[in-house]
Amino acid sequence: MLIERTENPQWLSNAYLVADETGGTGVLIDGNDDLGPLLEIAAREGIEITHILVTHPHLDHIAGLAEARRQLGGVPMVAHAEAAAEIDDEVTETIAGGEKLSTGGLEIEAIDTPGHAAGHVAFLVNGTDLFTADVLFKGTVGGTMAPGASGFDDLRSSVMKLIELPAEIVVHPGHREPTTIGAERDGNPFVRIWRGEAETGEEQCTVWGRPATLRLWAPDYDGGNKAWVVFGDDGVEAIVGGSQVERA
């Protein structure tokens with residue numbers, strides 16, 4: 001299998017070309033406004049792109065997809081129904097968790113992974129490579145306060161569902177570098193707590209002017225930090241960017 005990635009230098013978001021082989025069949029997974037190199041590789045290697053797959057509807061993961069679809073002659077664009085409702089009229093087919101799409105030598109299974117966004121899905125390709133977008137990253141997890149987020153409980157459930165997959169599966173996240181299920185099971189700070197292997201913190205902090213308890217302060221994919229907090233005024237749990245947290 002051939003997997004190529006571009007990373008937008010501003011958003012650090014990834015777009016992927018996945019093909020069964022050189023001269024074969026492929027798909028695009030997500031957009032990041034930097035799809036040109038992937039289309040060039042497909043043309044050079046004789047790969048027929050048959051579908052565009054969308055994990056969720058946030059701008060940094062759909063930018064450039066409409067133009068790419070036009071260049072590809074209007075190939076089907078596929079997303080979860082809840083995500084499709086947020087992407088104008090570009091989505092032509094919907095897919096739900098547990099459903100599979102086959103094209104060439106690729107078998108692609110959609111896995112429901114809400115939390116960061118309602119209608120968020122991950123794509124497992126040929127049982128070996130998992131495209132997780134903004135749910136699971138190398139060493140961290142997705143936030144739960146972005147527009148359209150379905151919340152902390154969904155995010156934690158989604159992450160823990162993925163962590164039960166075979167350890168050797170390669171994880172291709174929506175931002176920055178790849179990892180593996182095994183590496184995240186063993187070393188991801190959020191996963192370690194959720195597996196009962198580490199303790200939460202009790203530090204008091206402020207998030208957007210609201211008092212909160214800081215359960216976990218961990219590195220994020222962008223060189224900053226990601227925080228798990230519990231708001232003191234309503235008890236809601238959330239994953240937020242470290243820049244939103246004021247620590248004593």
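**Figure 1. Strands β18 and β19 pair in the antiparallel sense in this predicted model.** Five bridges join the two strands (DSSP runs of E, at least two residues, numbered from the N terminus, as helices are runs of H or I of at least four; strands pair if DSSP finds at least two bridges between them). Residues are numbered from 1 along each chain as its sequence is written, and side-chain values use heavy atoms, with hydrogens and water left out. Because the model is predicted, local features need pLDDT of at least 70 and side-chain atom pairs count only at pLDDT 80 or more, while totals for chains, interfaces and linings use all residues.

**Figure 2. β18 also pairs with β17, again in the antiparallel sense.** Seven bridges connect β17 and β18. In β18, Val229 is the bridge partner of Leu214. This hairpin likewise has five residues between its strands, and Gly223 in the turn shows a positive phi of about 90°. Of the seven residues of β18, six are buried (under 20% relative accessible area; exposed is over 50% and partly exposed in between, with a 1.4 Å probe and protein chains only).

**Figure 3. The largest pocket is lined in part by β18 and β19.** The space in the pocket is about 460 Å³. Among its 25 lining residues, His116, Gly143, Tyr221, Lys226 and Gly241 are the closest to the centre. A pocket is an open set of points on a 1 Å grid over the protein atoms alone, with protein on both sides within 12 Å along at least five of seven lines; a cavity is a set where a 1.4 Å probe fits but cannot get out, and lining residues have an atom within 4 Å of a point. Volumes are the space filled by probe spheres set on the points, which are joined across faces, edges and corners. β18 (225-231) and β19 (237-241) each supply at least two residues of the lining, and β19 gives the largest share, three residues. By class the lining holds eight nonpolar, 12 polar and five charged residues (nonpolar: Ala, Val, Leu, Ile, Met, Phe, Trp, Tyr, Cys and Pro; charged: Asp, Glu, Lys and Arg; polar: the others, Gly among them).

**Figure 4. Phe137 and Tyr221 form a tilted aromatic pair.** There are seven aromatic pairs in the structure (rings of Phe, Tyr and Trp, the last by its six-membered ring, with centres within 6.5 Å; stacked under 30 degrees between planes, edge-to-face over 60, tilted for the rest). For Phe137 and Tyr221, the centres are 4.9 Å apart and the planes lie at 50°. Phe137 belongs to strand β12 (residues 136-137) and Tyr221 to the loop between β17 (210-219) and β18, so the pair ties together parts 84 residues apart in sequence. Phe137 counts as buried at 2% relative accessibility, whereas Tyr221, at 22%, counts as partly exposed.

**Figure 5. Trp194 and Trp228 form an edge-to-face pair.** With ring centres 6.0 Å apart, the planes of Trp194 and Trp228 meet at 65°. Trp194 lies in helix α7 (residues 189-194) and Trp228 in strand β18, 34 residues apart, and the pair links these distant parts of the chain. Both Trp194 and Trp228 are buried. One aromatic cluster is formed by Phe152, Phe190, Trp194 and Trp228.

**Figure 6. Six strands form an open sheet with mixed pairing.** The strand order is β1-β2-β3-β5-β6-β7. β1 (2-7) and β7 (93-94) are at the edges with a single partner strand each, so one side of each has no neighbour in the sheet. Strands β5 (residues 48-53) and β6 (residues 77-79) pair in the parallel sense over two bridges. Ile52 stands opposite Met77 in β6.

**Figure 7. The structure holds one cavity of 30 Å³ or more.** Its largest cavity contains about 40 Å³ of space. The lining includes Asn14, Tyr16, Asp30, Phe131 and His172. β2 (14-19), β11 (129-133) and β14 (170-173) each supply at least two lining residues, with β11 giving the most, three. The lining divides into five nonpolar, five polar and one charged residue.
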